[in-house]
Amino acid sequence: MKIVRHTAPDMRQALRAIREQLGEDAVILSSRRGPQGVEVTAAVDFDAARLDSAAEPAELRVTAAPAFTNAAAPAFTAPPGNATAEAMGNELKTLRRMLESQLAQLAWNERSRRNPVHVELLRELSEIGVAQDLADHLVGQLPAGVDLTQGRRFTVAGLSQYLLVTGDRWLDSGGRVAFIGATGVGKTTVLAKLAVRWILRHGPKELALVASDTVRIGAQDQMHALGQLLGVPVHVPERFEALPQLLSRLNRHRLVLIDTPGASVRDGQFEARLTVLASCAPLLEPALVLAASTQAGALEETIQRCAALKPASCLLTKMDEAASLGGALSALIRARLPVSYVSDGQRVPEDLRPARALELVTQAVRLAKSSGATADEDLLRRRFGKLAHAKT
Ligand SMILES: Nc1nc2c(ncn2[C@@H]2O[C@H](COP(=O)(O)OP(=O)(O)OP(=O)(O)O)[C@@H](O)[C@H]2O)c(=O)[nH]1
Ligand SMILES: [Mg+2]
């Protein structure tokens with residue numbers, strides 16, 4: 001392997017000099033601007049075996065790390081005479097990306113060789129939908145020398161330890177809960193399920209319902225019909241902004257369930273309502289309602305946009321519609337947001353249960369198995385190889 005470094009007034013001249021010295025198979029390793037122009041490091045004839053060589057100077061080992069084959073390497077071609085600075089910039093970006101990808105591949109191959117159990121577990125966690133940083137963290141915590149079966153147990157136990165749950169506390173001892181979330185996620189349905197269950201356990205006396213959704217047509221009728229059916233009062237604030245005054249009058253009820261209007265979390269109105277809810281802080285407990293069938297990225301956005309409200313917990317709905325659960329669980333773990341209840345169907349009150357961490361994680365594993373999810377090998381290499389490379 002031969003590595004050279006050239007400084008020239010501009011990239012074109014540097015590349016030409018490298019081609020003349022190393023030939024068409026030269027591979028650009030890095031480039032940077034300096035006081036004398038552009039400094040380009042290039043190499044030819046990589047030798048992968050040298051990567052482990054301790055005798056090689058550290059700096060050289062680092063630059064030599066991308067031992068990619070010539071077939072995979074970008075062919076070295078001199079830029080056309082009229083190439084603009086932008087085109088050159090783009091070419092460099094492409095080269096950089098290719099280089100990073102090769103580094104990731106190397107790191108992944110090395111990891112597979114040294115620790116096949118870790119690699120298999122990372123693959124399985126990806127199939128479950130667990131976020132890459134969390135998967136890497138879990139695998140990084142494994143005791144040395146565990147086999148695959150033990151490793152699986154450790155990662156499942158680790159996931160369920162990180163996943164927080166609240167227990168059945170609203171139905172046990174009451175609370176003042178406002179259900180907040182995007183449109184159609186199941187806010188009113190979980191409210192109805194909890195109301196019915198409370199009555200079955202404690203009777204209707206100490207329960208009050210608040211219908212603050214004055215936005216959606218039929219939302220008020222829905223709440224009044226529920227109140228009538230259960231024999232409990234339904235309170236309606238004059239305007240959403242009057243919610244704090246209304247709540248301060250409802251202090252003899254042990255459980256107050258507050259329905260709020262759904263909206264896109266990017267909607268300005270949603271944000272304005274969050275401000276009102278935040279002003280009710282000591283009078284209510286905000287609970288996010290998140291549909292497990294929603295894409296993990298969208299869940300993360302909802303959690304992030306509602307963070308100022310400091311929700312104490314969330315409810316996971318539409319579990320029965322979710323194709324994968326790992327992404328949702330990762331988002332909750334990352335946000336340290338405890339789950340109170342999970343809903344897995346439309347039936348009131350049957351399809352609701354208090355969240356249990358191990359049960360949720362086991363369900364995520366089962367779902368991945370039954371859907372036959374397979375991790376994309378190339379994606380794994382890029383994700384975990386990149387991460388491993390970044391750590392070196
Ligand atoms: N499959 C399934 N459907 C559910 C679940 N929870 C609620 N739904 C259904 O989802 C639809 C919307 O439920 P709602 O409770 O009205 O949702 P919402 O969040 O109050 O909706 P908006 O008030 O319009 O924002 C209804 O058809 C519910 O029956 C669930 O866990 N699984
Ligand atoms: Mg509703």
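A crossing of two helices is called left-handed if the near helix is turned anticlockwise from the far one by less than a right angle, and right-handed if clockwise. This is a predicted model, in which local features need pLDDT of at least 70 and side-chain atom pairs count only at pLDDT 80 or more, while totals for chains, interfaces and linings use all residues. Residues are numbered from 1 along each chain as its sequence is written, and chains are lettered from A and ligands numbered from 1 in the order in which they are written.

Together the three strands make an open sheet in the order β1-β3-β2, with antiparallel pairing, where two strands pair if DSSP finds at least two bridges between them. Neighbouring strands here are turned by 15° against each other on average, direction ignored.

Picking Val27 leads across to Ala43, its bridge partner in β3. Now show residues 11-22, helix α1, which lies across β1 and β3 and runs at about 150° to β1; axes are lines fitted to C-alpha atoms, for helices over the stretch in contact, and angles run from 0 to 180 degrees between N-to-C directions.

**Second stop: α4 and α6**

Select residues 116-128 and 148-162, helices α4 and α6, which pack at an angle of about 45° with their axes 10 Å apart. That makes α4 oblique to α6, since angles under 35 degrees count as roughly parallel, over 145 as roughly antiparallel, 65 to 115 as roughly perpendicular and the rest as oblique. Their crossing is right-handed. To see the contact, display Val117, Glu120, Leu121 and Leu125 in α4, which meet Leu148, Gly151, Arg152 and Thr155 in α6; residues are in contact if their C-beta atoms, placed from the backbone, lie within 7 Å.

Centre the view on ligand 1 and show the 21 residues around it, of which Gly186, Lys187, Thr188, Thr189 and Gly262 come nearest; a residue is near a molecule if its C-beta atom, placed from the backbone, lies within 6 Å of it. Helix α8 (residues 187-202) supplies the largest share of this shell, three residues.

Select residues 296-305 and 326-335, helices α12 and α13, which pack at an angle of about 25° with their axes 8 Å apart. These two helices are therefore roughly parallel to each other, and α12 passes α13 in a right-handed crossing. Ala296, Leu299, Glu300 and Ile303 in α12 meet Gly327, Ala328, Ser330, Ala331 and Ala335 in α13.

To finish, select residues 339-343, strand β10, which pairs with β11 in the antiparallel sense over three bridges, and find Tyr341, whose bridge partner in β11 is Pro354.

Terms used:
Helix = DSSP H or I, 4+ residues; strand = E, 2+ residues; numbered from the N terminus. Contact = placed C-beta atoms within 7 Å.
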